[in-house]
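Me: Pick one spot in this model and look at it closely. Then set it against the rest of the chain. Keep it brisk.

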Amino acid sequence: MHSQRLSPWLEAPQEECGVFGVYSPEEEVARTTYFGLFALQHRGQESAGIAVADGHRIVLHKAMGLVTQVFDEEVLKALGDGTMAIGHTRYSTCGSSVEQNAQPICYASAYGDIAVAHNGNLVNTQELGDRLRADGVELDATNDSALIARMLARCNKERIEDALAEVLPQLQGAYSLVVMTPRQMAAVRDPYGIRPLSIGHLGDGRYVFASENCAISVVGGHFHREIEPGEAVIVDRDGLREIQVLPTAKRATCVFEFIYFARPDTQIYSRTIYDARRRMGHQLAREHPTPGAHIVIPIPDSAVPAALGYAEASRIPFGEGLVKNRYIQRTFIEPVQRMRDLGARMKYSPLREALAGHKVVMVDDSIVRGTTTGKLVRMLREAGATEVHVRITSPPVRFPCYYGIDMADQKELIAARKSIEQIREDIGATSLGYLSLQGVMRAIGLPKKLFCRACFDGEYPIHIPPHVRVTKMMLEDPRKDDEVTD
Ligand code: SF4
């Protein structure tokens, strides 16, 4: 089944994927995984899948749609009484949005099936595919995750750690994986730790893995720690083993997880995302104050903590100026053109009482193409706002992401083509201020060397091969000396 992108309404950076795994001989692992995926739904809404292993075989169900659309009681029961399960929620960042690219992906090996769920994006997919084809392998899926699964299955190793030791050194790029054979499970993170991945426990000998630790708490687990870059944590009947498969490279966790992607109740590097976003708001108020403004409003939901922080630091009252329809983005029904043209209006409605006659500070987390921001500013003005000061909790996005976030090609990024003053004019704002990269780091409370921030500064921690770069990088280095317009 083909589907359109799930976000015909807006242009926000699209989340990538969520992975989940549970090893627990004493409970209904399919049901636990269902609720784990439910907590990770924000990371991908195009497809969902669960694979269950019972010591002998793997049973898999996956389909296009939200977790609640893909699974019901009957489907969960049909997955059987296994001892462990892995699951995935997907937003396609590599390969088109079709059912055959849904995950987990499962292939047969000499020792039984092997199932893989992947978050991230490889940068050497083409080379790996060419290598497999040269070996006579027919590839039946177009994404990098399928290649990883195929390579692991082709090793024909009995122990998961031996297959990982053979395959991981060949992968370049971002990957947080949960891998399962009928008898073993592994959680693996690339040597840069680009995408998050955590382990928790449910009790003696029972473990849970998740892209974000919020999903560990949701299933009643206790967050233990993040998987280390280059590490594989393996669990089976003999217990848990922690193996450093690849040496940790320069750490480069995606800073956008802090700014936008991760859920506010998640922790990365022992920092709670909510607190970091609130401090980004404090910092933004210091860097770009708005004297004389009457109200600070967030673009709900991700900018709420930052707007609260801005209001606290600036002593301008916080208020809600936009009501969000939380469900509009999550429909598979194609909007008619007339509704499509309404774009942001289908998703946000202005609260006239809060806006009319007021000088408004509008806080958002990022500007990608600029079209939505422009529509929102217009909406606020039409609702009576006399001034709209746009404050963004990230630096200008000037470079594309190759590590698993769908943010558009460089030529579509407004900050790659225009100065900040031109962007302000385009979106119709009274003033525009972006938080500096230094300000982001100060808010998180960690040095920038621990993060990938390539979409802001163009310093890619993992080499991007020229043929990959050319597909997204259309412009010269667009950095300009123009951080402020107000
Ligand atoms: S390029 Fe940007 S979005 Fe992509 S991993 Fe790096 S910081 Fe994250």
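Reply: Start with Y269. Y269 is partly exposed, because 17 other C-beta atoms lie within 10 Å. On that scale, 20 or more other C-beta atoms within 10 Å make a residue buried, 12 or fewer make it exposed, and counts in between make it partly exposed; the C-beta atoms are placed from the backbone. This is a predicted model, where local features need pLDDT of at least 70, side-chain atom pairs count only at pLDDT 80 or more, and totals for chains, interfaces and linings use all residues. Residues are numbered from 1 along each chain as its sequence is written.

Y269 sits in the loop between β15 (267-268) and β16 (271-272). Strands are DSSP runs of E, at least two residues long; helices are runs of H or I, at least four long; both are numbered from the N terminus. Y269 is not a glycine, yet its phi is positive, about 50 degrees. Most residues other than glycine have a negative phi, and most peptide bonds are trans.

R315 lies in the loop between α10 and β18 (322-324). R315 counts as exposed because it has 8 C-beta neighbours inside 10 Å.

Cis peptide bonds come next. The bond from Q103 to P104 is cis, with omega near 5 degrees. P104 is in the loop between β4 (84-90) and β5 (105-109). The bond from P300 to D301 is cis too, with omega near 0 degrees. D301 belongs to the loop between β17 (295-298) and α10 (304-314).

For a buried site, take V377. V377 is in helix α14 (residues 371-382). V377 counts as buried because 23 C-beta neighbours fall inside 10 Å. V377 touches V388, V390, I427, G428 and A429, leaving out residues up to four places away in sequence. Contact here means C-beta atoms, placed from the backbone, within 7 Å. V377 and I427 are 50 residues apart in sequence, but 6.8 Å apart from C-alpha to C-alpha.

Now the sheet. Seven strands form an open antiparallel sheet, ordered β3-β2-β4-β1-β10-β9-β11. Strands pair if DSSP finds at least two bridges between them. The edges are β3 (58-64) and β11 (222-226), each pairing on one side only. Five bridges join β9 (residues 198-203) to β10 (residues 206-210).

Last, confidence. The average pLDDT (the predictor's confidence in each residue, from 0 to 100) is 89, and 88% of the residues score at least 70. Over residues 1-10, pLDDT is below 50. Over residues 480-486, pLDDT stays under 50.

Technical notes
Two residues are in contact if their C-beta atoms, placed from the backbone, lie within 7 Å.
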